[in-house]
Amino acid sequence: AMIPRRIAFLLLLAAAPVSADNPERGRLLYENYCYHCHLTEIHFRVNSKIDSPEALRNTVRIWQGEMGLGWKEEDVQDVASYLNARYYQLPEAPAAAD
């Protein structure tokens, strides 16, 4: 018997390790909740407001809220990490020295 797609996704997501930065988990979230609403061209707009990793995280945070997904902060971070690795290649700011 075939496992329904949504159940298979939930099993894959549950198996993906939760860490501070997990782009593979972010890819799964993106492909299941975001990809169907727009094509990849949205990530290459000339007048993009995505100019930093924080701007990318904020955009993911806003859109997950608009869609009523109820994501946790690690979900937002994982999706932003995936999008940055896949499309944006924005450098993370260095950690502040103590």
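**Briefing: salt bridges and a helix contact**

R27 and E24 both sit in helix α2 (residues 23-33), where 3 residues, about one turn of the helix, separate them. The model is predicted. The count of salt bridges comes to 8, and the pair R27 and E24 is one of them, with the closest N and O atoms 2.4 Å apart.

- D78 forms a salt bridge with R25, and their closest N and O atoms are 2.9 Å apart.
- This pair joins distant parts of the chain, with D78 in helix α4 and R25 in helix α2, 53 residues apart.
- D78 has 0% relative accessibility and so counts as buried.
- R25 is buried too, with a relative accessible area of 8%.

- R57 and E54 meet through their side chains in a salt bridge, at 2.9 Å from N to O.
- The two residues are 3 residues apart in helix α3, so about one helical turn separates R57 from E54.
- R57 counts as buried at 13% relative accessibility, whereas E54 is partly exposed with a relative accessible area of 38%.
- Through salt bridges that share partners, E54, R57, R61, E73 and E92 form one network.

**Packing of α3 with α4**

- Helix α3 (residues 53-66) packs with α4 at an angle of about 125°, and the axes of the two helices are 9 Å apart.
- The crossing of α3 past α4 is right-handed.
- On the α3 side the contact is made by L56, R57, V60, R61 and Q64.
- On the α4 side it is made by E73, V76, Q77, V79, A80, L83, N84 and Y88.
- The residues of this contact comprise 7 nonpolar, 3 polar and 3 charged.

**After α4**

- Q89 lies in the segment that follows α4 (73-88).
- The phi of Q89 is near 50°, which is a positive value in a residue other than glycine.
- Q89 is exposed, because its relative accessible area of 53% is over 50%.

Key
Residues are numbered from 1 along each chain as its sequence is written. This is a predicted model: local features need pLDDT of at least 70, side-chain atom pairs count only at pLDDT 80 or more; totals for chains, interfaces and linings use all residues. Side-chain values use heavy atoms; hydrogens and water are left out. Helices (H or I, at least four residues) and strands (E, at least two) are DSSP runs, numbered from the N terminus. Buried means under 20% relative accessible area, exposed over 50%, partly exposed in between (1.4 Å probe, protein chains only). Axes are lines fitted to C-alpha atoms, for helices over the stretch in contact, and angles run from 0 to 180 degrees between N-to-C directions. A crossing is left-handed if the near helix is turned anticlockwise from the far one by less than a right angle, and right-handed if clockwise. Contact means heavy atoms within 4.5 Å. Ala, Val, Leu, Ile, Met, Phe, Trp, Tyr, Cys and Pro count as nonpolar, Asp, Glu, Lys and Arg as charged, and the others, Gly among them, as polar. A salt bridge is a side-chain nitrogen of Lys or Arg within 4 Å of a carboxyl oxygen of Asp or Glu.
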